[in-house]
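Visitor: Please show me the fold. I would like to go through it in short questions.

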Amino acid sequence: MKFDVLTLFPEMFVPIEESIIGRATKSNILEINLVNIRDFSEDKHGHVDDTPYGGGAGMLIKPDVVYRAYNSIEKSKNSKVIYLSPQGKKLDQKKVEELSKEEQLILLCGHYEGIDQRVIDKINPEEISIGDYVLTGGEIPAMVLIDSVSRYVKRSFK
Ligand SMILES: C[S@@+](CC[C@H](N)C(=O)[O-])C[C@H]1O[C@@H](n2cnc3c(N)ncnc32)[C@H](O)[C@@H]1O
């Protein structure tokens, strides 16, 4: 199975790369591709955030930057896109086992006050939450999803 992770903080994924999942990636059972959203900024200062379109509090990750990062990913015919979001459907065991049957999962991690809704509407991801609380970013939720789903990709990793 391949996980493509769109994130502003690829360096946060060390625990995944160092763990048993890291060993599974070395033996080609799992592949984890970390995509730094910031690399797709066309702003000369590398800015990726903006005030909400139409007003509102806080900052959002810009839609065009996310869309370019998303388009850079090589997609299989059966890829599935997930936005880690506190508004999403709660991740549970049934969902974990269902996701483990996918060929490719593209995980979108938000930050600040989230991701501009215009690109969410365009990509149309499934939204998944890891619990009824709000974290500062989607990286920890993405690691929870990768860790739980990976256990079912091949039984010998339990
Ligand atoms: C500070 S939160 C955004 C909060 C925003 N006001 C909202 O309600 O969606 C920043 C990012 O963290 C991630 N996040 C926070 N809590 C989460 C949760 N419980 N499950 C999954 N992702 C979460 C999402 O990717 C979100 O875009």
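What follows is a set of questions and answers on the sheet, the helices, the ligand shell and the backbone.

Visitor: In what order do the five strands of the open sheet stand?
Guide: This is a predicted model. The strands of the open sheet pair in parallel. From one strand to the next, the twist averages 30 degrees. The order is E2-E1-E6-E5-E7.

Visitor: Which strands stand at the edges of the sheet?
Guide: An edge strand has a single partner, so one side of the strand is left without a neighbour in the sheet. The strands in that position are E2 and E7.

Visitor: Which residue in E6 is the bridge partner of Tyr83?
Guide: E5 and E6 run parallel and are joined by six bridges. For Tyr83, the bridge partner in E6 is Leu108.

Visitor: What angle does the direction of H6 make with that of E6?
Guide: Helix H6 covers residues 139-153 and packs on the sheet. H6 touches E1, E2, E5, E6 and E7. Its direction and that of E6 make an angle of about 160 degrees.

Visitor: Why are the buried residues of H3 on the same side of the helix?
Guide: H3 spans residues 63-71, and its buried residues are Val65, Val66, Ala69 and Tyr70. They are on the same side of H3 because the arc they cover around the axis is only 135 degrees.

Visitor: Which helix do the buried residues of H3 pack against?
Guide: Their contacts include strands E1 (2-7), E2 (31-36) and E4 (60-61). The helix they pack against is H5 (117-123).

Visitor: Which strand gives the most to the shell around the ligand?
Guide: Of the 20 residues around the ligand, Leu84, Gly110, Gly114, Gly138 and Pro141 come nearest. The shell divides into nine nonpolar, ten polar and one charged. With four residues, the strand that gives the most is E5.

Visitor: Is Tyr112 buried, partly exposed or exposed?
Guide: Tyr112 is found in the loop between E6 and H5. Its phi is positive, about 50 degrees, although Tyr112 is not a glycine. Most residues other than glycine have a negative phi. With 15 other C-beta atoms within 10 Å, Tyr112 is partly exposed.

Visitor: And Asn124: buried or exposed?
Guide: Asn124 lies in the loop between H5 and strand E7 (126-129). Asn124 is not a glycine, yet has a positive phi of about 55 degrees. Asn124 has 8, so Asn124 is exposed.

Technical notes
Residues are numbered from 1 along each chain as its sequence is written. This is a predicted model: local features need pLDDT of at least 70, side-chain atom pairs count only at pLDDT 80 or more; totals for chains, interfaces and linings use all residues. A residue is buried if 20 or more other C-beta atoms lie within 10 Å of its own, exposed if 12 or fewer, and partly exposed in between; C-beta atoms are placed from the backbone. Helices (H or I, at least four residues) and strands (E, at least two) are DSSP runs, numbered from the N terminus. The arc is that of the directions from the helix axis to the C-beta atoms. Two residues are in contact if their C-beta atoms, placed from the backbone, lie within 7 Å. A residue is near a molecule or strand if its C-beta atom, placed from the backbone, lies within 6 Å of it. Ala, Val, Leu, Ile, Met, Phe, Trp, Tyr, Cys and Pro count as nonpolar, Asp, Glu, Lys and Arg as charged, and the others, Gly among them, as polar. Two strands pair if DSSP finds at least two bridges between them. Axes are lines fitted to C-alpha atoms, for helices over the stretch in contact, and angles run from 0 to 180 degrees between N-to-C directions.
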